[in-house]
Amino acid sequence: MTPVLIVLNAGSSSLKFQVYDMFDGAEPRLVWKGLYEGLGGSAHFIVKDADGKLLDEITWSSGDRIGHEEALMHLVSWLSQFREERKPIAIGHRVVHGGEAFSTPVLVDDSVIQRLEALVPLAPLHQPHNLEPIRIVRRRLPGMPQVACFDTAFHQTQTDIATLFALPREMRERGVRRYGFHGLSYDYIASVLKDYDPQLAKGRVIVAHLGNGASLCALNGGVSAATTMGFSALDGLPMGTRCGAVDAGVIFFMLREMRLSPAEAESVLYKKSGLLGVSGISNDMRVLRSKAASDPNARRAIDLFVYRITREIGSLVAALGGLDGLVFTAGIGENDVATRAEVIAGLGWAGLNLDEAANRSGGPRISSGSGPTAWVIPTNEELVIARQTRSVLGATRAKLAS
């Protein structure tokens, strides 16, 4: 039997999964990948093989009440039918927030779950949903090893100064600091950059993870030096529905003058702002691009997004003391030709020059000239989770054998 790892990434109404073969000393090899979406309503399941060939697809009616638990147990049943002499040996989970306690992936136990639950207020859109399948597995599949892999951990290399807010020291002692997110994505880019440009991988690189959630990370020799997200996943760039950086005084105005409750204000900042809030149309860049020529509000949202990216890149260039390369990744970064072109046009001062033909074809290198280079590199957070899960399992076994 070939051992396999299951990687899970849970959202509020979705459950993404990938299954990897594990061979001693080799990179985890993708076997199947799929998605449950519309959980809690008319749920839909789809699964493909590593080459993208459709293997199975099911749609349930809203009356079937398919939630995360039902989806997870359906996945276990599906794998039992299609596993082809494969045996699941562990599950790796994406967990957005690890706080200060977790700088590396960790084997899950009751204590770990309690400590991660305490971080829910720092990532209310993500953390509860990340933890739900962990609890389900412990209840329904007792004995199955689970590993939590954190979006915050990659940024633990930053200096103390880079993580500080100018707030009273006692707040820092209670964990109020800059953490940074999207670390699994940045970890992957840092691990493969040498395959694209070995010299650049040793240099000063800014990675733009641009999707419905968006942030930038300054890498120095493949190590996180600074990032745009901070205490929560709300900070930094405007995103699909999140505002990004905002003057804290705006929050007081919302509470005092608009008389919003804390929960209502939080909902505005996390769910009604960003591209959606500015445009009044959509949080989807594809929709905004299709309307930009005729709707000034769509164009305004796009322009703000690009402006903030170029402005924040300037701050990260300062943090790095220069720039050798820029990498675009994630949904918008990998697929939106126009956004890449507009960002690079705004970075002429940094010596970046766009190769328009290469940009239209998706790169990987989309710059020309002798200045800093620009790249399009698809991210793979699930592979990083598989790598980290295998590493934790290996370390655990070695500890037990010693």
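Which helix does Thr-163 lie in? Select Thr-163 and you will find yourself in helix H4. Keep in mind throughout that this is a predicted model.

**Stop 1: helix H4**

Stay on Thr-163 for a moment. Its relative accessible area is 4%, under the 20% cut-off, so Thr-163 counts as buried. Now show its neighbours: leaving aside residues up to four places away in sequence, Thr-163 touches Gln-158, Arg-172, Arg-177 and Arg-178.

Next, pick Ile-161, which also belongs to H4, residues 160–163. Is Ile-161 buried or exposed? It counts as exposed, because its relative accessibility is 66%. Draw a C-alpha to C-alpha distance from Ile-161 to Arg-178: the two are 17 residues apart in sequence and 9.8 Å apart in space.

**Stop 2: the pair H2 and H3**

Select residues 110–117 for helix H2 and residues 127–140 for helix H3. Their axes come within 11 Å and cross at roughly 160 degrees. An angle over 145 degrees counts as roughly antiparallel, and H2 and H3 are therefore roughly antiparallel to each other. The crossing of H2 past H3 is left-handed.

Show the side chains where they meet. From H2 come Asp-110, Ile-113, Leu-116 and Glu-117, and from H3 come Gln-127, Leu-131, Ile-134, Arg-135 and Arg-138. Sorted by class, this contact holds 4 nonpolar, 1 polar and 4 charged residues.

**Stop 3: from H8 to H9**

Move on to helix H9, residues 262–271, and colour Ala-265, Leu-269 and Tyr-270, which are buried. Look down the axis of H9: the buried residues fall within an arc of 120 degrees, so they line one face of the helix. What do they pack against? Their partner is helix H8, residues 248–256.

In the loop between H8 and H9, select Arg-259. Its phi is positive, about 55 degrees, although Arg-259 is not a glycine. Arg-259 is exposed, because its relative accessible area is 70%.

**Stop 4: two more backbone details**

For background, most residues other than glycine have a negative phi, and most peptide bonds are trans.

Go to Ala-330 in helix H13, residues 330–335. Here phi is near 75 degrees, again a positive value in a residue other than glycine. With a relative accessible area of 7%, Ala-330 is buried.

Finish at Pro-364, in the loop between helix H15 (356–361) and strand S13 (373–376). Display the backbone and check omega: the peptide bond from Gly-363 to Pro-364 is cis, with omega near 20 degrees.

Notes. Residues are numbered from 1 along each chain as its sequence is written. This is a predicted model: local features need pLDDT of at least 70, side-chain atom pairs count only at pLDDT 80 or more; totals for chains, interfaces and linings use all residues. Side-chain values use heavy atoms; hydrogens and water are left out. Axes are lines fitted to C-alpha atoms, for helices over the stretch in contact, and angles run from 0 to 180 degrees between N-to-C directions. Helices (H or I, at least four residues) and strands (E, at least two) are DSSP runs, numbered from the N terminus. Angles under 35 degrees count as roughly parallel, over 145 as roughly antiparallel, 65 to 115 as roughly perpendicular and the rest as oblique. A crossing is left-handed if the near helix is turned anticlockwise from the far one by less than a right angle, and right-handed if clockwise. Contact means heavy atoms within 4.5 Å. Ala, Val, Leu, Ile, Met, Phe, Trp, Tyr, Cys and Pro count as nonpolar, Asp, Glu, Lys and Arg as charged, and the others, Gly among them, as polar. Buried means under 20% relative accessible area, exposed over 50%, partly exposed in between (1.4 Å probe, protein chains only). The arc is that of the directions from the helix axis to the C-beta atoms.
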